[in-house]
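Subject: Structure handover

Hello,

Here is the structure I promised to pass on. Please open it alongside this note. My findings follow below.

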Protein chains: 4
Amino acid sequence: MMDNKDTLNRLKSIAGHVHGIERMVEEDAYCIDVIRQIQAVQAALEKVSTRILDNHLNSCLITAVRGDDPEDRERVLKEISEVFATASKI
Amino acid sequence: MMDNKDTLNRLKSIAGHVHGIERMVEEDAYCIDVIRQIQAVQAALEKVSTRILDNHLNSCLITAVRGDDPEDRERVLKEISEVFATASKI
Amino acid sequence: MMDNKDTLNRLKSIAGHVHGIERMVEEDAYCIDVIRQIQAVQAALEKVSTRILDNHLNSCLITAVRGDDPEDRERVLKEISEVFATASKI
Amino acid sequence: MMDNKDTLNRLKSIAGHVHGIERMVEEDAYCIDVIRQIQAVQAALEKVSTRILDNHLNSCLITAVRGDDPEDRERVLKEISEVFATASKI
């Protein structure tokens, strides 16, 4: 349903980044440098989220909104609203 | 198109909150207390945004997705993706 | 303690921005345009917060860390940690 | 300088979480479920950042502010201000 390959590559790169931060901590890196790397990972995760949502809007959402099941449509719209609310918070 | 009255009341309350912070600054309030009040305003703005988006999803979005204009539909979906990306960043 | 004049000007401009958003809502502006303006206000508030924190670090924090009162120092450091945690969330 | 063991455990758990999300994507999980898991990872990273900053304030910052090197002190304060600004944005 998603452009899985690109998403997967990004997630693998993010996991590699987190493992790199683990090594920094093991080697007693400077706190601020560690925080900056964590913030870089957070920015990368935001990009992945936005891409997945983009994909979701252009597939599942369209199907649900055009479909005949009002409950399904409401659920899909509610989910988007919820991930937006959470994205605003974190 | 939106539940204007509730949104308007929230925005008026937020503007009042900002004016209150102005007074705190004029009276040399403690920096951290000012920051906390600013953060409270930010949280209130997030709630307003989420409500407006919620409303938008349940009106304009449905109309556009069900409509016959593919350009209009793409525009509406792109806008939602963009405000999501911005919400993730700020 | 803060560079009050600049902070005050920024807050006045932000309050004016919020009043402008109220008018948009009264005039039934397009939801997404309203959300974008709210996001602009949020970005402006972040800048004010960062400036105030900056000022705080260079005044109150230095005084507290160099002072003789360990409780005062701990309080000031804890406050900074707390506003950082909240800033990360909102 | 940091409480490395706890930080390291948290980072390892976060990396494991990211690997789990990779598997979800490989198995074509529902987009919204993937986004929610990404948001959970983001929240966990925020907690790690806040803990590291906390530690930093109680060690490096105190040393720098009490030390005799004004450049070092300015650098440390500027770094904190910068990670705060970035935390507000992401």
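Predicted model: local features only at pLDDT ≥ 70, side-chain atom pairs only at ≥ 80, totals over all residues.

**Chains B and A**

How many residues of chain B are in contact with chain A? There are 22, and they meet 22 residues of chain A. The area buried between the two chains is about 2100 Å². Carbon and sulfur atoms give 67% of that area. The polar side is as follows. Between chain B and chain A there are 0 salt bridges. There are 4 residue pairs in polar contact across this interface. On the side of chain B that touches chain A, α2 and α3 of chain B each give two or more residues. α2(B) gives the most, with 11 residues.

**Chains C and B**

Now turn to the next pair. Here 44 residues of chain C are in contact with 44 residues of chain B. Together the chains bury about 4200 Å². Of that area, 70% is on carbon and sulfur atoms. The count of salt bridges between chain C and chain B is 2. One of them joins the side chains of R36(B) and E82(C), at 3.3 Å from N to O. Residue pairs in polar contact number 13. Which elements give two or more residues to the side of chain C that touches chain B? They are α1 (4-26), α2 and α3 of chain C. α2(C) has the largest share, 18 residues.

**Helix α3 of chain A**

One helix is worth a look by itself. α3(A) covers residues 70-89, which makes 20 residues. At 1.5 Å a residue it should span 28 Å, and its end C-alpha atoms are 29 Å apart, so the two agree. At the start of α3(A), a side-chain oxygen of D69(A) comes within 3.0 Å of the backbone nitrogen of E71(A).

Which residues of α3(A) are buried? They include R73(A), V76(A), L77(A), I80(A), F84(A) and A87(A). E79(A) is also buried. What covers the buried residues of α3(A) includes α2 (31-66) of chain A. Other chains contribute as well: the cover includes α2 and α3 of chain B, α2 and α3 of chain C, and α2 of chain D.

Best wishes

Terms used
Residues numbered from 1 in each chain as written. Chains lettered and ligands numbered in written order. Heavy atoms only, no water. Helix = DSSP H or I, 4+ residues; strand = E, 2+ residues; numbered from the N terminus. Expected span 1.5 Å × (residues − 1). Buried < 20%, exposed > 50% of the residue type's maximum accessible area, 1.4 Å probe, protein only. Contact = heavy atoms within 4.5 Å. Polar contact = N/O pair within 3.5 Å; in protein donor to acceptor, adjacent residues only side chain to side chain. Buried area = accessible area lost by both parts, 1.4 Å probe. Salt bridge = Lys/Arg side-chain N within 4 Å of Asp/Glu carboxyl O.
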